[in-house]
Amino acid sequence: MTDHSVSAFLAGLAGALADHSVPLPGEFGLEIGGRTVEPREWSTDLDPATGAPLARVGTAATEEIDQAVHTARASAPTWAALAPAERGRRLRRLADLVREHADVLARLETRDTGKPITQGRSDIAAAARYFEFYGGAVEGFLGDSIPLGDGSLAVVERVPHGVTGHIVPWNYPAQITARSVAASLAVGNAAVVKPADEAPLVALCYARLATVAGIPDGVFNVVPGGANAGAALTGHTEVDHVSFTGSVRTGRAVARACADRGRPVLLELGGKSAHIVFDDADLDRAVPVIARALLLHAGQTCTAGTRVIVDQRAHDDVVAALRPYFESASLGLGLTDPEVGPVISASQAARVRDLAAMAEAEGAVSAATVADVPAAGSFVAPMLFDNVSRTSTLFHEEVFGPVLAITSVDGEQEAVEAALDSRYGLTAAVWSRDVDRALRVARSLDVGQTFVNGYAPGGGVELPFGGTRDSGYGREKGIEAFTEYTRSRTLFIDIAKR
Ligand code: NAD
């Protein structure tokens, strides 16, 4: 694909991205081998803000997944043979192209997922950073030598797996695709990405932009689809490594499929992340961060920080300070940049409402909610629940909607016990002015990332990211992702004495 044809394609979308009233022109086929392939089947991608059709998108059949994997397999050796500096240069060019087309891509992400345009823009900025960061960092990703004395030379190289499969969910497809594909491609793999049927558009655009950036045809393939396409990819004998981001249930099915073939898998799953707020916390600092992390993308963030575990001495102040965020949150169409957009689908909205009703039945007290909810689209009122007991469903279940649970505790030990009382272990935050206590508590939590007096797990391409227990295993982001997307190969040379 030429620079001109990709730019023309993106410019053609721009007119339909001014508001939510019209569907996108044309169709989105499969991106295999550097060209757009007509699929056997089409699906209708909906705009969650209106519930109306947004785009006609290809949904990959088993044969098309097979075609994408074989194409990736054929192109992987040439790509891997390039010097890291050259692969990096092309990835950095891709970062530039993403920035050049940031406005269209952000609007596309907003219409596809429902999120406010400010969030869409910051997702595209983060995506560009992933291509840039890994494109630069790969030049410093070195092997090792092991000293064993004069009689030998032992060298450990890091080599790519070959073909990597990437299963991406619908909530942050622009960021998640970039974070895992950028690291994988930088170290010399060829990738096959399967975005969710609900939100595949930006990933499909990346594949087109990759060809303009000089990434060889077949190295970056995107084949949207649902469970069947995902199962075909994760079960494919020619896929050497799988990165999965999504729910615990599907993650386990994917891990089983990989185990059956004896291939490695990385699981980025759900969360029920805790904010531990002590009585000496700076609430002016803590409360806006807690509220925004939750309301961001209507609670559909794996790191949303959905449990507030607050010392009883600070409880009333925390509830009072949180309340206005929930009572006055503006709900609306993503392109109008409201504080809260819709959830992804009508069925997700129904699930959130059911869990909220269950919370009340189990003794939680509604402390604040929004009265004005748009009738069209899949909107859910943000809800603040107080008095959420540690035995309740709301304390333990990931809602994936704009619902925050407050649980009161007495002192440090009880706070830590409550935070640990979860099957998830993704992220956490500790809010306290007592540095000893903050660090003691932070280190006692069994999670992948802990923040002290702040919370920004979505940002920062440099920080390794991943969970413990039901939140998964393996790490994306940071230099650590390079270890994930490579394996070591040792070369031992016996040196004869003279
Ligand atoms: P999901 O598990 O239903 O779907 C995720 C992806 O898996 C989609 O692309 C889907 O099409 C695909 N899939 C479905 N069945 C499959 C199968 N049998 N084999 C292979 N692939 C299959 O999850 P979701 O509802 O789309 O996403 C929400 C979940 O993702 C939440 O639990 C959330 O916490 C989690 N998530 C985690 C992170 C993280 O980085 N830890 C980030 C975002 C979302």
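Student: Why does Tyr206 count as buried?

Tutor: In this predicted model, Tyr206 has a relative accessibility of 0%. Buried means under 20% relative accessible area, so Tyr206 counts as buried.

Student: What makes the aromatic pair of Phe131 and Tyr206 edge-to-face?

Tutor: The planes of Phe131 and Tyr206 stand at 85 degrees, with 5.5 Å centre to centre. Rings pair if their centres lie within 6.5 Å, and planes over 60 degrees apart count as edge-to-face; the pair is therefore edge-to-face.

Student: Why is this pair said to tie together parts of the sequence?

Tutor: Phe131 belongs to helix α5 (residues 117-137) and Tyr206 to helix α7 (residues 201-212), so the pair ties together parts that are 75 residues apart in sequence. Phe131 is buried as well, its relative accessible area being 0%.

Student: How many aromatic pairs does the structure hold?

Tutor: The structure holds 7 aromatic pairs. In one of them, the ring centres of Phe9 and Phe28 are 5.7 Å apart and the planes are at 75 degrees, so this pair is edge-to-face. Phe9 is in helix α1 (residues 3-14) and Phe28 in strand β1 (residues 27-28), 19 residues apart.

Student: Are Phe9 and Phe28 buried or exposed?

Tutor: Phe9, at 18% relative accessibility, counts as buried, and Phe28, at 2%, also counts as buried.

Student: What makes Arg437 a charge that sits over the ring of Phe278?

Tutor: The charged end of Arg437 is 4.1 Å from the centre of the Phe278 ring. Arg437 is assigned as sitting over the ring.

Key: Residues are numbered from 1 along each chain as its sequence is written. This is a predicted model: local features need pLDDT of at least 70, side-chain atom pairs count only at pLDDT 80 or more; totals for chains, interfaces and linings use all residues. Side-chain values use heavy atoms; hydrogens and water are left out. Rings of Phe, Tyr and Trp (its six-membered ring) pair if their centres lie within 6.5 Å; planes under 30 degrees apart count as stacked, over 60 as edge-to-face and the rest as tilted. Helices (H or I, at least four residues) and strands (E, at least two) are DSSP runs, numbered from the N terminus. Buried means under 20% relative accessible area, exposed over 50%, partly exposed in between (1.4 Å probe, protein chains only). A charge sits over a ring if NZ of Lys or CZ of Arg is within 6 Å of the ring centre and within 35 degrees of the ring normal.
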